Amino acid sequence: MIPIEHYLAFSLVLFAIGAAGALTRRNPIMILMSVAVMLTAANVNLIAFSRLWGTVHGQLFSLFIMADAAAETALGLGILVACMRRRDARGAAEPELSKW
Amino acid sequence: MAGNNLLFDFLAAIAAASALAMITRRNIFHGAILLLATLLATGGIFLQLQAEYAFAAQLLLFAGGIVLLFVLVAMLLAPGALHHPARFNWRMFAASALVLVVAIEILAFFWARHDATLWPSVAAMPPNNTGTMGDALFRDDLPAFEFASIPLLATIIGVVMLAKRRTE
């Protein structure tokens with residue numbers, strides 16, 4: 001196995017990129033994508049430590065994270081669609097929501 | 001071992017470069033494709049760590065399901081709905097610079113203590129990896145598995161309520 005530090009460094013880089021994306025982008029879909037990258041970075045850590053200890057519990061935890069990531073994405077996009085629909089109905093011109 | 005190392009470097013470089021390209025892209029569809037590349041490369045790293053089940057879940061759930069959801073919603077919303085003129089925001093720039101600095105700090109800390117940290121020696125994975133995982137998931141840690149369904153159920157109900165068209 002490659003030394004664990006490589007996996008930790010990779011995970012840190014991926015997490016930092018995701019965090020930077022989530023903080024700087026104003027497009028809600030882009031923010032959700034960045035959050036997905038952050039969650040994947042966490043999964044890399046869990047699975048690398050799972051391999052280091054020779055158990056499957058880290059992998060198990062990563063599955064729960066994936067399930068919650070799916071739930072979070074579905075809910076976020078659902079809220080977005082609902083907001084967009086309401087805004088269209090009111091006929092507002094300025095997309096206030098897309099600031100965040 | 002050298003080949004293994006090279007493969008990891010290759011996959012990690014693809015993942016990091018795609019993620020970096022993703023957060024700078026203005027087009028959501030380009031972003032989705034780059035996100036897909038990040039997730040697939042990370043899946044390759046999972047496979048390298050002998051996490052076959054996590055690799056399959058990454059492919060089916062993340063690369064298949066979540067990216068599809070992103071593309072679908074981007075297509076559902078009006079093409080111009082999410083477009084707004086680029087405005088440079090100093091606060092956001094400062095926030096991401098802070099993230100970068102903290103990340104570099106952690107990385108420097110890592111490498112400085114590189115040899116001092118006592119990691120346990122690498123243990124062998126169980127031979128029947130996915131089978132062991134099934135045992136853990138459905139026998140030893142069954143409550144955790146069952147509790148994982150509660151947020152999913154809450155999400156389903158929540159999204160249906162949000163998406164329901166008002167009838168009044």
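This is a predicted model: local features need pLDDT of at least 70, side-chain atom pairs count only at pLDDT 80 or more; totals for chains, interfaces and linings use all residues.
**Entry 1. Confidence**

I began with the scores for the complex. The predictor gives an ipTM of 0.86 and a pTM of 0.85. Next I took the chains one by one. Chain A has a mean pLDDT of 83, and 86% of its residues reach 70 or more. I marked residues 90–95 of chain A, where the pLDDT is below 50. Beyond near neighbours in sequence, that stretch has three contacts in the model.

For chain B the mean pLDDT is 84, with 88% of residues at 70 or more. Here α2(B) has the highest mean among the elements, 93. Helix α4 of chain B, residues 90–112, has the lowest, 80.

**Entry 2. Fold of each chain**

I read off the secondary structure. Chain A has three helices and zero strands, in the order α-α-α. Chain B has six helices and zero strands, so I noted its pattern as α-α-α-α-α-α.

Then I looked up burial. Of the 100 residues of chain A, 49% count as buried. In chain B, buried residues make up 21% of 168.

I also checked the range of the contacts, taking those with a separation of 6 or more. Residues 24 or more positions apart account for 46% of them in chain A. For chain B the figure is 48%.

**Entry 3. Where the chains meet**

**Entry 4. The largest nonpolar core**

I turned to the largest nonpolar core, which has 61 residues. Both chains supply it: α1, α2 and α3 of chain A, and α1 (2–24), α2 and α3 (52–76) of chain B, each give at least two residues. The top contributor is α2(A), with 13 residues. Leu14(A), Met33(A) and Leu35(B) touch the most other members. As background, nonpolar side chains tend to be buried together in soluble globular proteins.

I followed Leu35(B) further. I left aside its neighbours within four places in sequence. Its contacts in chain A are then Met33(A), Ala36(A) and Val37(A). In chain B they are Met22(B) and Val67(B).

**Entry 5. Ala12(B)**

Ala12(B) sits in helix α1 of chain B. Is Ala12(B) buried or exposed? I counted 23 C-beta neighbours inside 10 Å, so Ala12(B) is buried; the cut-off is 20 or more. Not counting residues up to four places away in sequence, Ala12(B) touches Phe10(A) and Ile45(B). Asn129(B) is 117 residues from Ala12(B) in sequence, and their C-alpha atoms are 24 Å apart.

**Entry 6. Helix α2 of chain B**

I tested the length of α2(B), residues 28–48. At 1.5 Å a residue, its 21 residues should span 30 Å. The end C-alpha atoms are 30 Å apart, so the model agrees with that expectation. After α2(B) comes Gln50(B), with a positive phi near 60°.

Within α2 of chain B I picked out Leu40(B). It has 19 C-beta neighbours inside 10 Å, so Leu40(B) counts as partly exposed. Buried would need 20 or more. Leu40(B) and Ala63(B) are 23 residues apart in sequence, yet their C-alpha atoms are 6.9 Å apart.

**Entry 7. Helix α6 of chain B**

My last stop was α6 of chain B, residues 142–163. From first C-alpha to last, its 22 residues reach 32 Å, close to the 32 Å expected at 1.5 Å a residue. How many of its 22 residues are buried? The number is zero, so I noted that α6(B) lies largely in the open.

Conventions
Residues are numbered from 1 along each chain as its sequence is written. Chains are lettered from A and ligands numbered from 1 in the order in which they are written. Helices (H or I, at least four residues) and strands (E, at least two) are DSSP runs, numbered from the N terminus. A residue is buried if 20 or more other C-beta atoms lie within 10 Å of its own, exposed if 12 or fewer, and partly exposed in between; C-beta atoms are placed from the backbone. Two residues are in contact if their C-beta atoms, placed from the backbone, lie within 7 Å. pLDDT is the predictor's confidence in each residue, from 0 to 100. The expected span of a helix is 1.5 Å times one less than its number of residues. A nonpolar core is a set of buried Ala, Val, Leu, Ile, Met, Phe, Trp, Tyr and Cys residues joined through C-beta atoms within 7 Å.
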